[in-house]
Amino acid sequence: YPSGNLAVIITRERDQLICIVQEDELRTAKIRALFQSDGRSTCYYRNGDEWINMSIQGGQYLDQEGNRVRRWMWPNLSPGPHVPLSPIFISLNRHVGVRILAQDKIFVSFLAMGRQAKFNMGTKVQVSAASQLPLPAQLGEDELLLLAFRVRILQLFDRMRGCLNFPSSEQWNKMQPPMYLMTQAVKILELCMAADISDELRSSIRAIVNA
């Protein structure tokens, strides 16, 4: 961002690409959107509530009260009549927008100081490939909370190290958390989406890892 805060991170984990969009904040690295090359993606409102959730089957669009506004199925994975996707465009903030046109046309655009960067995080998942995707691990409420608190504690330790390295400076406050912590936070959010837990607990876990 023009502020110097990290906006978009694209990383590779094994054979998968991951795109993470962060909010333009100094003290936190709050995740606003997560896109994965295996077809799973989620966008969040500024308060951490789920906005858009997509999988290899389709997706849904929620309002800020949690009500489902729109739902669709990707045509190549729907054996019968399917609900088509009307193009969706949302602004995560004044610099980052997301445009969803098709399963293989999901664009993340970043605009600042007259320059633009655009990333296509869409993917075309075929039925045969989809049937081979492993099911996400199902964890209980206590396990998910423990994982979230573990990441939060590691985040605090990282901030403490930054404070010790720069005791008389504000530089430590601008340092981004290590990539491994961001990856762990992303994985916990994925597990929350797959787990059979309440929306309240899911929101609490998001707040812990994004604090």
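Strands S10 and S11 form a hairpin with two residues between them. Six bridges link the pair, which runs antiparallel; strands pair when DSSP finds at least two bridges between them. Strands themselves are DSSP runs of E with at least two residues, helices are runs of H or I with at least four, and both are numbered from the N terminus. S10 covers residues 105-112 and S11 covers residues 115-120. Phe 107 stands opposite Asn 120 of S11.

The model is predicted: local features need pLDDT of at least 70, side-chain atom pairs count only at pLDDT 80 or more, and totals for chains, interfaces and linings use all residues. Residues are numbered from 1 along each chain as its sequence is written, and side-chain values use heavy atoms, with hydrogens and water left out.

Met 113 lies in the loop between S10 and S11. Its phi is positive, at about 55 degrees, although the residue is not a glycine. Met 113 is exposed, with a relative accessible area of 72%. Exposed means over 50% relative accessible area, buried under 20%, and partly exposed in between (1.4 Å probe, protein chains only).

S10 also pairs with strand S9, residues 96-102. This pairing is antiparallel too and has six bridges. Ile 100 has Ile 106 of S10 as its bridge partner. S9 and S10 form a hairpin with two residues between the strands.

Another antiparallel pair consists of strand S6 (residues 58-62) and strand S7 (residues 68-73), joined by five bridges. Gln 60 is bridged to Arg 71 in S7. Five residues lie between the strands of this hairpin. Gly 66 takes a positive phi there, near 90 degrees.

Helix H3 (residues 179-194) packs with helix H4 (residues 199-209). The angle is about 180 degrees, and the axes are 10 Å apart. H3 and H4 are therefore roughly antiparallel to each other. Axes are lines fitted to C-alpha atoms, for helices over the stretch in contact, and angles run from 0 to 180 degrees between N-to-C directions. Angles over 145 degrees count as roughly antiparallel, under 35 as roughly parallel, 65 to 115 as roughly perpendicular and the rest as oblique.

On the H3 side, the contact (heavy atoms within 4.5 Å) is made by Ala 185, Ile 188, Leu 189, Cys 192 and Met 193. H4 contributes Arg 202, Ile 205, Arg 206 and Val 209. Seven of the contact residues are nonpolar, two are charged and none is polar. Ala, Val, Leu, Ile, Met, Phe, Trp, Tyr, Cys and Pro count as nonpolar, Asp, Glu, Lys and Arg as charged, and the others, Gly among them, as polar.
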